[in-house]
Amino acid sequence: MDKRQLFGRRLPLTQAPTGGHSIPALRQVNGRWQCQRCHQWVGPADQLPHGIPYCRHCLNLGRLTTHTKLYTIPEPNQFATLTSSPLRWQGQLSPQQKAAAQAVLRHTQTKRDQLLWAVTGAGKTEIGFPALAWALQQGWRVAWTSPRVDVCLELAPRLAQAIAVPQTVLYGGQPVPYVYCPLTICTTHQLLRFEAAFDWLIVDEVDAFPLATSPLLQLAIQRAQKPTGSHLYLTATPGQDLQRQIRRHQLAVTYLPLRYHGYLLPPLRVKLVGDWRRQLDQRRLPGKLIRQVRRYQQTHQRYLLFVPHVQDLQHAGLDGGVTVHAADPKRQAKVQAFRDHHVNGLLTTTILERGVTFPAVCVLILGGDDPVFATSALVQIAGRVGRQRDHPGGDVLCYATSQTRTIQRAQAMINALNRRGRRLGGRRP
């Protein structure tokens, strides 16, 4: 085994590698077993036959038991400083983007933990390019991570084109093996395999499920970062915890309330319908929604239709629409088919609420008053529309039985962002 596979990582191996040292995968602390990969506690019932304890919390990364050892080699940072910037991106930042990019760069150079709070479609990825290029030029090891596989898959080719350094992409079921290199793009679950590896971590969509509610994944970020390292959080909808860290000056923050093309966010419009849940259970859709979809089909307008739950997809079947959800084995192929304009409509759960860009789409939300659609989710879903300069507008239609407080808060958040955007010269699509 190439020993570079172990740099800054903890891996279960059957044979001790040259230069690596080991620790027990499960360690007893005050009479309880604790996993040394995810640092979660092993429950009394978490036992294999013959009474062998195992960790169920990170089982999807490979089973660890009291008979397993984790091998590691401390991160040596075998990356030379570069004589010139690796940035190859040819695009232009707007004045607001440029100011935000310079602020992010300054915080990165001083190793401050920071948050880029930017409206959906503001160009958060491109705003991070100057700081990313600077960090890699210094010989830093960097990870760009997200809780969503779709975000990683969209991000990897963009970064490969923009930044001229080797990169590796990690997610469950990836076809290409891991390679030790300066830039790692991965899901947050994959960070559980790393230990004090990265000088700088960029955490994309930090408020997204499951990261926002998972102490395990939040700990994975902390452990993957070097004690001397720092991180950058990216989001359009920071939760209360992040806002609290800002107020306590634990995070530096950079604001950007306007999209890169200068247009305001499309408003979230509510269409009141009858008992949509009862209709859906009877395999029927609200008449208003059916008529809207037919208009899109007649004009070849591409659309995303969001539903609350996976089981709702089969009930909401529409001619010409393809369904996709997190456990769909053809998920990547279906999303790519929609991206390539081979599919006109995509029916989806909240897996596509954020971090993905589809040109010239409209958005429909069935059951926007369902509890699964939090305020941040509705704002993020609305943010799928109008992300391109050539198509800055489009419908964001929410079909609900009642206009709940969650919906009202989402509308208020979009309106507040647009008020800030207008002060910077933003205009309506």
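Me: Leaving aside neighbours within four places in sequence, which residues is Gln 292 in contact with?
Reply: This is a predicted model, in which local features need pLDDT of at least 70, side-chain atom pairs count only at pLDDT 80 or more, and totals for chains, interfaces and linings use all residues. Residues are numbered from 1 along each chain as its sequence is written, and side-chain values use heavy atoms, with hydrogens and water left out. Contact means heavy atoms within 4.5 Å. With neighbours within four places set aside, Gln 292 touches Leu 364, Asp 395, Leu 397 and Tyr 399.

Me: Is Gln 292 buried or exposed, and where does Gln 292 lie?
Reply: Buried means under 20% relative accessible area, exposed means over 50%, and partly exposed is in between (1.4 Å probe, protein chains only). The relative accessible area of Gln 292 is 10%, so Gln 292 is buried. Helices (H or I, at least four residues) and strands (E, at least two) are DSSP runs numbered from the N terminus. By that numbering, Gln 292 lies in helix H8.

Me: Which strands does H8 lie across, and at what angle does H8 run to S19?
Reply: Helix H8 covers residues 287-299 and lies across S15, S16, S19 and strand S20 (396-400). Axes are lines fitted to C-alpha atoms, for helices over the stretch in contact, and angles run from 0 to 180 degrees between N-to-C directions. On that scale, H8 runs to S19 at about 165 degrees.

Me: What is the strand order of the open sheet of six strands?
Reply: Two strands pair if DSSP finds at least two bridges between them. Pairing in this sheet is parallel. The edge strands, each pairing on one side only, are S15 (269-272) and S17. Neighbouring strands are turned by 20 degrees against each other on average, direction ignored, and the order is S15-S20-S19-S16-S18-S17.

Me: What is the strand order in the open sheet of seven strands?
Reply: The pairing is parallel here. At the edges are S10 (167-170) and S14 (252-256), each of which pairs on one side only. From one strand to the next the twist averages 15 degrees. The order is S10-S11-S9-S12-S13-S8-S14.

Me: Which residue in S12 stands opposite Ala 143?
Reply: Strand S9 (residues 142-146) runs parallel to strand S12 (residues 198-204), and four bridges join them. Helix H5 (residues 215-224) packs on the sheet and touches S12 and S13 (225-235), its direction making about 130 degrees with that of S13. In S12, the residue opposite Ala 143 is Leu 201.

Me: Which peptide bond is cis, with omega near 5 degrees?
Reply: Most residues other than glycine have a negative phi, and most peptide bonds are trans. The cis bond involves Pro 210, a residue in the loop between S12 and H5. The bond runs from Phe 209 to Pro 210.

Me: What is the relative accessible area of His 39?
Reply: His 39 is found in the loop between S4 (32-35) and S5 (47-48). Its phi is near 60 degrees, a positive value in a residue other than glycine. His 39 is partly exposed, with a relative accessible area of 28%.

Me: What is the radius of gyration of the protein?
Reply: The radius of gyration is taken over C-alpha atoms, and the globule rule is 2.2 Å times the number of residues to the power 0.38. For 429 residues, a compact globule would have a value near 22 Å. The protein agrees with that, at 23 Å.
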